[in-house]
Amino acid sequence: MAAQQVSGEQFRVVIAGGGLAALEAALALHDLAGERAAITLVAPNPQFRYRPQLMREPFTAAATTAYSMAEIAACAGVHLLRDSFKWVDPVDRVLHTRDGAKLSYDALLLALGARSHARFRGVLTLDENRIAEQLTPLVEAIDHGTVQRVAFVVPSLPIWSLSAYELALMTVNHAAARGREVAVLLITPEDSPLAALGVSASAELGQLFTEAGITTVTSANCQIREPGRIDLYPLRSSILVDQIIALPELYAPSLPGVPTSAERGFVTVDAHGAVHGLDRVYAAGDITDTPVKHGGLAAEQANVAAQAIAALAGAPVKPRALRPALHVMLQGAARPLFIRSQMLGEHGTDLELSSDPLWEPQRLQSEYLGPLLVELDAARRAGEGG
Ligand SMILES: Cc1cc2nc3c(=O)[nH]c(=O)nc-3n(C[C@H](O)[C@H](O)[C@H](O)COP(=O)(O)OP(=O)(O)OC[C@H]3O[C@@H](n4cnc5c(N)ncnc54)[C@H](O)[C@@H]3O)c2cc1C
């Protein structure tokens, strides 16, 4: 491994993770702290993919854009180390990597995301690395008229449940366009459809799903013990379908050296992203114990943590506290729907809901990474001559 050149005066920041939160934080920190900070990004993935596009792959055959991590790291002025977080020694302030590197830090940001696990044995559980491969047989079965009832199941929270609603919408629309009758059910533990967006958004969306022909079964605690049968508790009723597609459950990654919450091991942070109980360790994104796992929220958390770290590094920055907001673009209907809400506690409030774009449609809602991806897309198109 090539050692990074760090001058004695530079503030050493290590960012662990290679997703939205890590990249947003790296770009923000570079902008705010400039040469004051020497940033090392520890990430195993060679590419960054924009996840919201993944769900469309089986229905549109459009591949999700992948961006080179090396290119983004160069734009962020950070040293990219293709390796993984293994454990942290918070007393000596050293991050130990899987390949045996020891990285001393003045501030550490953990942005490792969440781990996915299938809840039900023998049930098709979505794997973001294989969504097109997993769902193409469903699309073909609809085309051939060999499937009549499909259920999408959200096994537990927290998870980005919007994906299940988008898939349900795409399924009913695909079936309608082929002249096929397919009953689509969405079974979720949420008290109402997309409850995290707030009461009025949830009511409007519930109406939209009903009009689209989707049956939502809310507050559901379910078990699946045999193919095609979903048992609901405590009502003890069963739903029979031809095909079940479940979202995974989310857990925190392994984090030796970091205090974690008892439930699912997520990390608790304060309003500036500082990890409770540790000095100079911050966390952002799906690794934290937020009630919603959401890209825009991850980016906002990354920004407030970057500000706090930049101030520690001596940059003239007044760190602001997190004001969590949700910017949601619901795809799958004839036109996307834009929803903006401010989060208060577990739910959203101050709602704006519109079928006219409330922001640039394809753009990731983040201050730094979103605009950079737009630039990289434009450069790619120019390179392809189109
Ligand atoms: C299929 C899908 C669709 C989604 N659609 C939307 C949407 O439409 N809108 C929206 O707002 N949100 C959406 N989300 C949620 C959103 O993608 C996440 O909230 C967001 O990606 C969280 O960012 P993150 O950086 O915290 O985690 P991640 O994006 O999961 O990134 C974690 C990174 O950490 C790396 N990593 C893991 N372990 C280690 C380790 N030990 N050491 C170093 N690095 C490690 C991983 O390789 C990865 O690069 C979707 C999620 C999925 C799965």
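This is a predicted model: local features need pLDDT of at least 70, side-chain atom pairs count only at pLDDT 80 or more; totals for chains, interfaces and linings use all residues.
**Exercise 1.** State into which domains the protein is divided, and how far apart their C-alpha centres lie.

*Solution.* Begin with the division: domain 1 comprises 11-114 + 252-322, and domain 2 comprises 124-248. Then take the C-alpha centres of domain 1 and domain 2, which are 32 Å apart.

**Exercise 2.** Determine how many residues of each domain are in contact, what area is buried, and which residues of domain 1 lose the most area.

*Solution.* First, count the contacts: 15 residues of domain 1 meet 20 residues of domain 2. Next, consider the area, of which the two domains bury about 1,600 Å² between them; carbon and sulfur atoms carry 68% of this. Finally, turn to the side of domain 1, where Met55, Pro58 and Phe59 lose the most area to domain 2 and together account for 46% of what that side buries.

**Exercise 3.** Describe the salt bridges and polar contacts between the domains, and characterise the side of domain 1 by helix and by residue class.

*Solution.* First, the salt bridges between domain 1 and domain 2 number two. Second, polar contact across the interface is found for three residue pairs, both residues being at pLDDT 80 or more. Third, helix H2 (residues 57-60) supplies three residues, the largest share of the side of domain 1 that touches domain 2.

**Exercise 4.** Verify that the side chains of Glu128 and Arg51 meet in a salt bridge.

*Solution.* The N to O distance between the side chains of Glu128 and Arg51 is 2.5 Å. The cut-off is 4 Å, so the pair qualifies as a salt bridge.

Note on methods:
Residues are numbered from 1 along each chain as its sequence is written. Side-chain values use heavy atoms; hydrogens and water are left out. Domain bounds come from an automatic or database domain assignment. Contact means heavy atoms within 4.5 Å. Buried area is the accessible area (1.4 Å probe) that two parts lose on being put together, summed over both. A polar contact is a pair of N or O atoms within 3.5 Å; within protein, one must be able to donate a hydrogen and the other to accept it, and residues adjacent in sequence count only if both atoms are side-chain atoms. Helices (H or I, at least four residues) and strands (E, at least two) are DSSP runs, numbered from the N terminus. Ala, Val, Leu, Ile, Met, Phe, Trp, Tyr, Cys and Pro count as nonpolar, Asp, Glu, Lys and Arg as charged, and the others, Gly among them, as polar.
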